[in-house]
Amino acid sequence: MSLPPAGPTRTALVTGASSGIGAEIASQLASRGYGVTLVARRIDRLEALAGRLAESHGIRAEVVAADLTDEEARTAVISEIDRRGLVVNMLVNNAGFSTAGPVARAQVAGELAMVRTDVEAVVHLCTALLPGMVERRSGAILNVASTAAFQPVPGQAGYGASKAFVLSYTHALRAELAGSGVSVTALCPGPVATGFASAAGLSDTDAAAALPSFLWVPAERVASAAVEGLETGRAVVIPGAGNKLSAAAGWLTPRTLLLPVLAKRHPAMHP
Ligand SMILES: NC(=O)c1ccc[n+]([C@@H]2O[C@H](COP(=O)([O-])OP(=O)(O)OC[C@H]3O[C@@H](n4cnc5c(N)ncnc54)[C@H](OP(=O)(O)O)[C@@H]3O)[C@@H](O)[C@H]2O)c1
């Protein structure tokens, strides 16, 4: 399996490209000659990145600002790409965030916004863009899950369940699309130093204390593992040997043993 061919009217739609892993994935695709369409809310950051990528790599870098929590905004992104005469031949569903703390102390609006962004937007964009890829017999989808997908996460219950959804959904899509010319990969990073912890309301100190240093992988390495995994048609990419082990342990350890330990260790469970 290889990535779909680049072309002047072809684009890789990367959500959550204003920061962290998404910005790095967009950069790696641009460096391989792919045109990119960058989507997130912070338009200033998207425009700055698009300018850098277009200049360094001579590719077409588009910006569409959108709040992906909102269904109408997601539909508008797809229409806008179409209006610009572009065809999405790669989709990177990366935008996402987590709340932190026990559900009993959470705000309903925040929990729902997380599920709409982390789950509903993935389903929306895959469902809307897959038919064109299947018809052209060419396309690639990278859905960003997490090692949080491999076991429930007390203290981030909705987030862990959202990422478990993304992993399960991606596996099923992949099986549906076998032989179609469209490849589907799930990226499951462990901890990465990005805007993620602060968006969740966790301090960098708390995040670093909760997860041992050998699990942390830089965003640039996560992105290169992701793009290589997509290129070689991998089902799941887990960057870093420590994270592969932790994912296997999370998957296999009986819940009755694992979950009390996780609940006790999570910094947001003990404010
Ligand atoms: N960092 C980690 O430890 C880690 C580990 C495993 C998985 N992940 C996953 O990796 C993905 C990227 O996260 P990151 O670590 O790179 O964090 P980040 O630096 O905070 O980036 C998150 C990106 O998502 C975008 N985003 C969030 N809410 C959005 C919304 N409502 N509409 C549009 N865009 C939205 C943000 O853009 P705007 O704020 O500009 O909208 C930003 O570009 C997420 O799916 C996350 O769950 C992260």
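A crossover is called right-handed if, with the strands pointing away from the viewer, the path from the first strand over the helix to the second runs clockwise. Keep that picture in mind as we go.

**Before you start.** Residues are numbered from 1 along each chain as its sequence is written. You are looking at a predicted model, where local features need pLDDT of at least 70, side-chain atom pairs count only at pLDDT 80 or more, and totals for chains, interfaces and linings use all residues.

**Stop 1: a right-handed unit.** Select β1, α1 and β2, which make a right-handed β-α-β unit. Helices (H or I, at least four residues) and strands (E, at least two) are DSSP runs, numbered from the N terminus. Now select β2, α2 and β3: here is another right-handed β-α-β unit.

**Stop 2: the whole sheet.** In what order do the seven strands of the open sheet stand? The order is β3-β2-β1-β4-β5-β6-β7, with parallel pairing. Because β3 (61-65) and β7 (236-237) stand at the edges with a single partner strand each, one side of each has no neighbour in the sheet. Two strands count as paired if DSSP finds at least two bridges between them. Strands of a sheet pair through backbone hydrogen bonds, either parallel or antiparallel.

**Stop 3: strand β1 and its partners.** Select residues 10-15, which form β1, and then residues 87-93, which form β4: five bridges join these parallel strands. Click on R10 and look for V87, its bridge partner in β4. On to β2, which runs parallel to β1 and is joined to it by four bridges. There, T15 has V39 as its bridge partner, and V14 stands opposite L38.

How many of the six residues of β1 are buried? Five are, and the strand is mostly covered. A residue is buried if 20 or more other C-beta atoms lie within 10 Å of its own, exposed if 12 or fewer, and partly exposed in between, with C-beta atoms placed from the backbone.

**Stop 4: strand β2.** Show the side chains here. V36, L38 and A40 point one way, T37 and V39 point the other way, and all are buried. Five bridges join β2 to β3, again running parallel, and A40 has A65 as its bridge partner in β3.

**Stop 5: helix α8.** Select residues 219-231. This helix, α8, lies across β5 (139-144), β6 (182-187) and β7, running at about 150° to β6. Such angles run from 0 to 180 degrees between N-to-C directions, and the axes are lines fitted to C-alpha atoms, for helices over the stretch in contact.

Inside α8, pick A226. Is A226 buried or exposed? A226 is buried, because 27 other C-beta atoms lie within 10 Å. Leaving aside neighbours within four places in sequence, A226 is in contact with I25, L142, L187 and V237; contact means that C-beta atoms, placed from the backbone, lie within 7 Å. A226 and L142 are 84 residues apart in sequence and 7.9 Å apart in space, C-alpha to C-alpha.

**Stop 6: a contrast.** Go to G58, in the loop between α2 (43-57) and β3. G58 is exposed, because 9 other C-beta atoms lie within 10 Å.

Key. Contact = placed C-beta atoms within 7 Å.
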